[in-house]
Amino acid sequence: MSDNTKNISKFLSLVLRHKPEQIGLTLDQNGWASVTELLAKLHANGSPVSMELLEEIVDSNNKKRFAFNNDKTQIRASQGHSIEIDLDIKACEPPALLFHGTAEKNLESILASGLKKQNRQHVHLSDNTDTAKNVGARHGRPVVLQVNAGQMQKDGFTFYLSANNVWLTDEVPAVYLGLPL
């Protein structure tokens, strides 16, 4: 992915997950935006993007951050929103163990108070340590925490699986956390 394409992808994350108003974009209650409106707003804001480039960004993003609807007339971020939207995802049974990547500097606080969604709608978890490690590495020296998701669910916590295979939950109390072996 070229630097220009990465920059456009980052900007799409900003406007589709956090600040659609930055370019005057309208998202519906499920986070969908009109592709035609998005392309027009990007062009008007000095970032002309073709439909072909938008398709390349959606298809080549290794984290599958974005999704089109079936006829590619709408686009949305798959998860990670700080604005209130309903992703229309259904609760499902998680694997017994999930993982969360963070920076080593956050470890003491997390082990004391658990994982909080902060300014997002959910805590993000992965089903493998490699993905969690990559996430943690974005913020410093990575640490991967093990989440006892099976026990959490038995204890009444709800889990969701996003379209791009990120596990979501409202919180992870510290009692369900541990360092992987």
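**Notebook: loops, cores and salt bridges**

I began with Ser 126, which lies in the loop between strand S6 (123-125) and helix H5. I kept in mind throughout that this is a predicted model.

I then checked the S7 and S11 pairing, which is antiparallel and runs over two bridges; Val 147 has Leu 177 in S11 as its bridge partner.

I turned to the nonpolar cores. The largest has 21 residues, and among those with the most contacts inside it I wrote down Leu 12, Leu 25, Leu 54 and Ile 75. At least two residues of this core come from each of helix H1 (3-18), helix H2 (35-44), helix H3 (51-60), strand S2 (66-68) and strand S3 (74-77). A second, separate core of 16 residues includes Leu 98, Leu 107, Trp 167 and Val 172. In soluble globular proteins, nonpolar side chains tend to be buried together.

I looked at Leu 25 separately: beyond residues up to four places away in sequence, Leu 25 touches Val 15, Leu 16, Pro 20, Ala 33, Glu 37, Leu 38 and Lys 41.

How many salt bridges does a search of the whole structure find? I recorded two. In one, the side chains of Glu 55 and Lys 72 meet at 3.3 Å, N to O. Because Glu 55 lies in helix H3 and Lys 72 in the loop between S2 and S3, this pair ties together parts that are 17 residues apart in sequence. Glu 55 is partly exposed at 23% relative accessibility, and Lys 72 is also partly exposed, with a relative accessible area of 33%.

The side chains of Glu 104 and Arg 141 also meet in a salt bridge, at 3.4 Å, N to O. Here the pair links distant parts of the chain, 37 residues apart: Glu 104 is in the loop between strand S4 (98-103) and helix H4 (107-113), while Arg 141 is in the loop between helix H5 (129-137) and strand S7 (142-147). I noted that Glu 104 counts as partly exposed at 40% relative accessibility, whereas Arg 141 counts as exposed at 61%.

My last entry concerns Met 51, which lies in helix H3 and counts as partly exposed at 23% relative accessibility. Leaving aside neighbours within four places in sequence, I found Met 51 in contact with Val 35, Leu 39, Phe 68 and Lys 72; Lys 72 is the residue whose side chain meets that of Glu 55 in a salt bridge. I also looked up the separation of the C-alpha atoms of Met 51 and Cys 92, which are 41 residues apart along the chain, and wrote down 34 Å.

Key
Residues numbered from 1 in each chain as written. Predicted model: local features only at pLDDT ≥ 70, side-chain atom pairs only at ≥ 80, totals over all residues. Heavy atoms only, no water. Core = buried A, V, L, I, M, F, W, Y, C linked by side-chain atoms within 4.5 Å. Buried < 20%, exposed > 50% of the residue type's maximum accessible area, 1.4 Å probe, protein only. Helix = DSSP H or I, 4+ residues; strand = E, 2+ residues; numbered from the N terminus. Contact = heavy atoms within 4.5 Å. Salt bridge = Lys/Arg side-chain N within 4 Å of Asp/Glu carboxyl O. Pairing = 2+ DSSP bridges.
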